[in-house]
Amino acid sequence: MGVNYVGYKGTEPHSIIVWIKDNKQCGKTVCYSQDEVEQALDWHAGKYDSHIFC
């Protein structure tokens, strides 16, 4: 009897951006390409104090 995995088995993310405001993690964006990373930074960077990449 083997292990039966359940869940999403799709494309691996290119990167994950964690958004920081007031020294707290307040959101994240999962990006599947460099174009999506650049788009997310353009759209969201002004709303948060900083970000980190995972």
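1. Serine 15 belongs to strand β1 in this predicted model. Its relative accessible area is 10%; the residue therefore counts as buried, the limit being under 20%. Leaving aside residues up to four places away in sequence, Serine 15 is in contact with Thr29, Val30, Cys31, Val37, Phe53 and Cys54.

2. Strand β1 takes part in an open sheet of three strands, ordered β2-β1-β3, with antiparallel pairing. The edge positions are held by β2 (24-31) and β3 (50-53), each of which pairs on one side only. From one strand to the next, the twist averages 25°.

3. The antiparallel pairing of β1 with β2 extends over seven bridges. Within the sheet, isoleucine 16 is found opposite valine 30 of β2.

4. Helix α1 lies across β1, β2 and β3, and it runs at about 15° to β1.

5. The largest nonpolar core consists of five residues: Ile17, Trp19, Cys31, Val37 and Ala40. Two elements, β1 (15-21) and α1 (34-44), each give two or more residues to this core.

6. With residues up to four places away in sequence excluded, valine 37 touches His14, Ser15, Ile17, Cys31 and Phe53.

Note on methods:
Residues are numbered from 1 along each chain as its sequence is written. This is a predicted model: local features need pLDDT of at least 70, side-chain atom pairs count only at pLDDT 80 or more; totals for chains, interfaces and linings use all residues. Side-chain values use heavy atoms; hydrogens and water are left out. A nonpolar core is a set of buried Ala, Val, Leu, Ile, Met, Phe, Trp, Tyr and Cys residues joined through side-chain atoms within 4.5 Å. Buried means under 20% relative accessible area, exposed over 50%, partly exposed in between (1.4 Å probe, protein chains only). Helices (H or I, at least four residues) and strands (E, at least two) are DSSP runs, numbered from the N terminus. Contact means heavy atoms within 4.5 Å. Two strands pair if DSSP finds at least two bridges between them. Axes are lines fitted to C-alpha atoms, for helices over the stretch in contact, and angles run from 0 to 180 degrees between N-to-C directions.
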